[in-house]
Amino acid sequence: QVQLVESGGGLVQPGGSLRLSCAASISMFSIYTMGWYRQAPGKQRESVAFINSGGTTDYSDSVKGRFTISRDNTKNTVYLQMNSLKPEDTAVYYCNAMAPIATMGNYWGQGTQVTVSS
């Protein structure tokens, strides 16, 4: 059974940093495109960052230059380093694993809360 388990969320002051981790129990993890999404109260879920099997990354404009996504295929883990955090970054952050072939599945973690407040 596929599981994505996020960790690393918490409360941080504006300007601070957090690193989120997502450990995936997925066969052939390295071929998946991994992504981070977030959902703030009363808002729709939005994409934050992606990293594909080749290591190419993409970011939403709102986090570009502040967040960095990376992956360690030896540990089946994807990370999101978040720097210069702002109150508007407050949300539940979700990890996503998308297979290159649709029939292989699209999986979500349970989410981890990030709160940026003084």
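Let me start with Asn96, which touches Leu4, Thr33, Met34, Gly35, Tyr37, Asn106, Tyr107 and Trp108, leaving aside residues up to four places away in sequence. Contact here means heavy atoms within 4.5 Å.

The model is predicted, so to speak of local features we need pLDDT of at least 70, side-chain atom pairs count only at pLDDT 80 or more, and totals for chains, interfaces and linings use all residues. Residues are numbered from 1 along each chain as its sequence is written, and side-chain values use heavy atoms, with hydrogens and water left out.

Back to Asn96. This residue sits in strand 9, residues 91-98; strands are DSSP runs of E, at least two residues, numbered from the N terminus. Is Asn96 buried or exposed? Asn96 is buried, at 3% relative accessible area. Buried means under 20%, with a 1.4 Å probe and protein chains only.

Two of its neighbours deserve a word. The side chains of Asn96 and Asn106 are joined by a polar contact of 2.9 Å. A polar contact is a pair of N or O atoms within 3.5 Å; within protein, one must be able to donate a hydrogen and the other to accept it, and residues adjacent in sequence count only if both atoms are side-chain atoms. A polar atom of the Asn96 side chain also lies 3.0 Å from the backbone oxygen of Tyr107.

Next, the cysteines. The structure has 1 disulfide, meaning a pair of cysteine sulfur atoms within 2.5 Å. Cys22 and Cys95 form it, with sulfur atoms 2.1 Å apart. Cys22 is in strand 3 (residues 18-25) and Cys95 in strand 9, 73 residues apart. Cys22 is buried at 0% relative accessibility, and Cys95 is buried with 0% too.

How values were computed: Helices (H or I, at least four residues) and strands (E, at least two) are DSSP runs, numbered from the N terminus. Buried means under 20% relative accessible area, exposed over 50%, partly exposed in between (1.4 Å probe, protein chains only).
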